[in-house]
Amino acid sequence: MPKTIKIRKGLNIPLQGNAERILQPAPAAEVYAVKPPDFHGLIPKMLVKEGEPVKAGTPLFFDKYNERVLFTSPVSGVFQEVVRGEKRRIMEVLIKADGAEDAVNFGAVSPAGMSREEIVERLLKSGTWPFIRQRPFSVIASPADKPKSVFISAFSTAPLAPDLDFVVKGQENHFQTGLDVMAKLTDGDVHLSVDAKNTRSEAFLQAKGVKIHPFEGPHPAGNIGIQIHHIDPINKGDIVWYTDVQDLIIIGRLFAQGIYDPTRIVALTGPEVLNPRYYKVKAGAEVLSFAENNLRRQKDIGLRLISGDVLTGTAIEEKGFLGFYDNQVTVIPEGNHPEFLGWLIPNINRFSMSRTWPSFLMPWKKYRLDTNIRSGERPFVMTGVYEKVLPMDVMPMQLLKAIMINDIDKMENLGIYEVAPEDFALCEYVCPSKIEIQTLIREGLDIIRQEFA
Amino acid sequence: MKALIQFVENKIQPNFEKGGKFHKFHRSFEAFQTFLYVKGDVTRQGSHIRDAVDMKRTMFHVVIALTPVLLFGMWNAGLQHYRALGMDVSFWNEFWFGFLRVLPIVVVSYVVGLAVEFIFAEIRNHEVNEGFLVSGMLIPLIVPVTTPLWMVALATIFAVIIGKEVFGGTGMNILNPALLARAFLFFAYPAFMSGEIWINTTLREGQALVDGFSGATPLAMLAANEVQNLPSVLEMFLGTIPGSIGETSTLAILIGALILIATGVGSLRIILSVVVGGLFMGLLLNLFSVNEFMAIPPYYHLIMGGFAFGAVFMATDPVTASQTPRGKYIYGFLIGVLTVLIRVLNPAYPEGMMLAILLMNVFAPLIDHYVVEANMKRRLKRMKPSTVKVQA
């Protein structure tokens, strides 16, 4: 095994509510949703009419700018309706499940005997193509590209992230099939990063046809962007693809069983969950279908349900749905209550990376953090803060300023191609000026993408 | 406290909201409101949780770090006064005398400075920034205790408007506002800023100055080649010497430095490299010592004049210092070097710290530019075209 890559910068946020390694049975959800906003830059064109019956794997819509990329139904049932937001933007495509588990049969085959074109075609038709994403820009890969290499992270360091060793158990074969598929898509290497200390699963450590890279260190060491930066950084013009362990298992299942079955093992986590555990659910399931009886409901305290982790996830409504890529649901208290002299009084229940709060004296403590933003937005004042949580040879503040002034040359030279909003999530968390950094990075990426589109 | 917050939100806030009687002043209201309590605003996009730290808390820690310096400065003002009169009075008498002279300067600096900040916040319709909480305390600490109050007010207005607001407010300024106030006084009213002005020597009936009283600072003595009159090292370290209100006690400044470094608010990189730069230049001058000033032990520079205060509280201002980690070393080192250079080789200015920091403030963006360029070059170097597009 190659040398361990040690990540020194970063921060593990000590949030309460890590999931126990118990798989809790959950009733199947009645309604499922595919949410176009999960896919950045997508403009959906509908392929089905309201009331039409669908099977798991039936195309629902396609990407206006990339007609070959189809998005299919996760379950069999009836296409119920389209939920629209501002400017009639399609927010959710709802499927009412019939519980019949009817699926379109794509045929079970081994990827070994297939050509690259056949594999791509199969992924596109089944609706599993969107699981493959690309850097730069962190968007769905284009079937017209051939990537320099493929990256997969076999561990996650995000707050309360699911334990992938636990998740992959019993699905090792599908995971290896998924790896074989990815190996066919690139002429370069398939890189699999593992946690040098905690990864034990043979599925990862003994994976075939890949290069294994052990990593060590705090969050964001598990982020694919950080790993790419340390293994084989992206230059202008490069395209690499990446995907998740659970996404790969779904792709593996497609080849082994011939059906699109987006079943995931999802961790229900956070301080407002009574018993944080794992659930087996399908992508797009209504979150309350499995979370309902496990939430701490208190008078006067609102709950924020997040599909994903607390740094990068999407806030969802009470009746919201699991995101397409998400393996985790986090529930934290809303912070919409004022606090008298809250910026001044030493409070042992506040967590801060800076040593201006007493939390640094209690490294063992776990916190019940809420959504209060704690201050209005300020210009950049403090320096050297972002650098502590960004383990990349990228100058965060200078890059952000280049984005603010729309300077494309500077953005390129400062490494915009190597970054994604999620890599800057910790910078946003620690920012004393409360600047919306992830949104800013996304703006920068959009500017570059339009410029060279 | 809940009742108080509810009263503010339900009874007072509506007057300042759109359509309210005092909407014009809603930024000022907001400033007081957020000072009183943290609002219940929640995250809308991006990270759902945010670090507990904010600008108020950060700035407040600098003010805490300045407190030992302020208290010592008050006592020293009294001590120097009674020494000049040859009177032996109790510690509390000395402190009380200084307290009565220093407090008005602090009040004037805060009231005038904050007034300007509030006016600009309303005109430009942005939130009032916390930066002046620190500047307002720094300005009194770097002026002589004899400075007239109207001069403090004028300098503060000049510093806030020309130093900060014309550039767009806190975070956008190029020069350290507090030092700019000091520089303004230095060049606009030289008679009040040099010579026998460090000690309050107002005499009441029946009082007289002791024979041979000079009241000169150690740096002035050295500039005048009076090395034999220098106070002892211990006195210079403790700070019982003439000088600006807050600059004399290296000990009190060290306590402040410990607070800044322990909380991570001040940059250890900058503080250390200023010290190293000063010592380096002091040693270098020792090699060529043609006069007594050049021959003094280098560490004397650290405990004389404004060196320690400047290194800990002025050079570390994050907005006007270099912003890149590597740049901070260069920036700090050059401040140390320039300070000693100006002190020793320029007969016109016995104190070099103020000008050295202001000069390096101007050069900080240039230093950063080269550090950033180096990062860009590293990125370009590893470029090699490797992606092959296939036609779909």
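I began in strand E14 of chain A, where I found A:His213 as the bridge partner of A:Ser193. The model is a predicted one, in which local features need pLDDT of at least 70 and side-chain atom pairs count only at pLDDT 80 or more, while totals for chains, interfaces and linings use all residues. Residues are numbered from 1 along each chain as its sequence is written, and chains are lettered from A and ligands numbered from 1 in the order in which they are written.

I kept to DSSP runs for the elements, numbered from the N terminus, with helices (H or I) of at least four residues and strands (E) of at least two; two strands pair if DSSP finds at least two bridges between them. I then followed E14(A), residues 211-216, to strand E1 (residues 5-6) of chain A, which runs parallel to E14(A) and is joined to it by two bridges; here A:Lys6 stands opposite A:Glu216.

**Entry 2, a hairpin.** Strand E6 (residues 59-63) and strand E7 (residues 66-72) of chain A pair in the antiparallel sense over four bridges, and the hairpin that joins E6(A) to E7(A) passes through two residues. I noted A:Phe62 opposite A:Leu70 in E7(A).

I traced six strands of chain A that form an open sheet of mixed pairing, in the order E2-E17-E16-E20-E18-E19. Its edge strands, each pairing on one side only, are strand E2 (23-24) and strand E19 (314-316) of chain A. Within this order I looked up strand E16 (residues 263-269) and strand E20 (residues 328-333) of chain A, which run parallel and are joined by three bridges; A:Leu268 has A:Val329 in E20(A) as its bridge partner.

The bounds come from an automatic or database domain assignment, which gives chain A domain 1 (5-257), domain 2 (266-361) and domain 3 (386-451).

Taking two residues as in contact if their C-beta atoms, placed from the backbone, lie within 7 Å, I found 70 residues of chain A and 55 residues of chain B in the contact. On the side of chain A that touches chain B, the elements giving two or more residues are strand E18 (303-307), strand E21 (339-340), helix H8 (396-404), helix H10 (425-430) and helix H11 (437-451) of chain A, and H10(A) gives the most, with four residues. By class (Ala, Val, Leu, Ile, Met, Phe, Trp, Tyr, Cys and Pro nonpolar; Asp, Glu, Lys and Arg charged; the others, Gly among them, polar), this side divides into 31 nonpolar, 22 polar and 17 charged residues.

The two chains also share strand pairing, for E21(A) is joined by two bridges to strand E1 (residues 37-38) of chain B, the two running antiparallel, with A:Phe340 opposite B:Tyr37.

I listed 17 helices and one strand in chain B, whose C-alpha atoms fill a box of roughly 90 × 65 × 35 Å along the principal axes. A residue is buried if 20 or more other C-beta atoms, placed from the backbone, lie within 10 Å of its own, exposed if 12 or fewer, and partly exposed in between; 48% of the 392 residues of chain B count as buried.

Chain B is divided into domain 1 (15-34 + 56-204) and domain 2 (267-371), with 24 Å between their centres, taken over C-alpha atoms. Their contact takes 13 residues from domain 1 of chain B and eleven residues from domain 2 of chain B; on the domain 1 side, helix H7 (residues 177-188) of chain B has the largest share, four residues.

**Entry 7, helix H4 of chain B.** H4(B), residues 91-124, has 34 residues and reaches 48 Å from its first C-alpha to its last, close to the 50 Å expected at 1.5 Å a residue, where the expected span is 1.5 Å times one less than the number of residues. I found a kink of about 25° centred on B:Phe99, the bend at a residue being the angle between axes fitted to the seven residues ending there and the seven starting there. B:Asn125, with a positive phi near 55°, follows H4(B). B:Leu103 is also found in H4(B), and B:Leu103 counts as partly exposed because it has 13 C-beta neighbours inside 10 Å.
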